[in-house]
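Look at the model from end to end before turning to single residues. The text below begins with the chain as a whole and then picks out a few places along the way.

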Amino acid sequence: MALSRIRLLPQQSEFFELFNRSARNLSEAARLLVDLLEHYQDVDRKTRRIRDIEQTGVEITHGITRALGKTFITPLDREDIDALADQLDELLDCIEECARRMRLYRVRRAPKRAQEMGRIIQEQVEQLAAAIALVERREYGQSLDQALSEVRRLEDEADDVLGDAVAGLYDGVTDVPAMIAASRLERVYELLEETTDKAEDVAHTLQVIAIKYA
């Protein structure tokens, strides 16, 4: 019987149920990050909501760890399951940290470049969610390659946006308060770009899985 037609045992399917939950949770966090950046108001409430979602992500990751401990036969190599779970968790952590720093630094407004990077993150997360669904169905073909390639392309785009954002960030800065504000905003930009790097890490692990099982 072809590998793609093998039905997963109930214990095995639990992993992809959890991975899909993780992807949905990430999608909600990314959506709320974009909302925060594009509608920069009620910052405390919005950041608390993203923090709550991050806590849900921690619970999902713990669920994957528990499932690994009680399941003898897994749908993927254990190290791949562990790596994918950790990287999805790290990606969610980065999204939450971006929002937290905006509040902590008392950023007065979210510049258009930050908004653009938020949308890039959201697009990456959408592509990763689609890729996880394809891996679950063992569809290791063109659609998966396209989704993972798009995540990498978006990371390159984020690098360009970061460069453009930082290039003129200190222009006209002449006093200490303005210098502090610019420095803090630069760190926010860097965190947003680091988040796109984490998304690329997830894409890399999914690519490794595809190569192993194709």
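**The chain as a whole**

Of the 214 residues in the protein chain, 48% are buried; buried means under 20% relative accessible area, exposed over 50%, and partly exposed in between, with a 1.4 Å probe and protein chains only. This is a predicted model, in which local features need pLDDT of at least 70 and side-chain atom pairs count only at pLDDT 80 or more, while totals for chains, interfaces and linings use all residues. Residues are numbered from 1 along each chain as its sequence is written, and side-chain values use heavy atoms, with hydrogens and water left out.

The protein chain has 6 helices and 0 strands. Helices (H or I, at least four residues) and strands (E, at least two) are DSSP runs, numbered from the N terminus. The C-alpha atoms fill a box of roughly 70 × 30 × 25 Å along the principal axes. Contact means heavy atoms within 4.5 Å. Among contacts between residues at least 6 apart in sequence, 83% join residues at least 24 apart.

The protein chain exposes about 11100 Å², and carbon and sulfur atoms supply 47% of it; accessible areas come from the Shrake-Rupley method with a 1.4 Å probe, and for residues only the protein chains shown count as cover.

Threonine 205 lies in helix α6, which covers residues 176–213. Threonine 205 counts as buried because its relative accessibility is 7%. Leaving aside neighbours within four places in sequence, threonine 205 is in contact with Asp80, Ala83, Leu84 and Gln87. With glutamine 87 there is also a polar contact between the two side chains, at 2.5 Å. A polar contact is a pair of N or O atoms within 3.5 Å; within protein, one must be able to donate a hydrogen and the other to accept it, and residues adjacent in sequence count only if both atoms are side-chain atoms.

Isoleucine 211 is also found in helix α6. Its relative accessible area is 63%, so isoleucine 211 is exposed. The C-alpha atoms of isoleucine 211 and glutamate 155 are separated by 22 Å, and the two residues are 56 apart along the chain.

**Two residues in loops**

Aspartate 42 sits in the loop between α1 (10–38) and α2 (43–70). Although not a glycine, aspartate 42 has a positive phi of about 50°. Aspartate 42 counts as partly exposed, because its relative accessibility is 47%.

Arginine 138 is placed in the loop between α4 (112–136) and α5 (142–167). Its phi is near 60°, a positive value in a residue other than glycine. At 13% relative accessibility, arginine 138 counts as buried.
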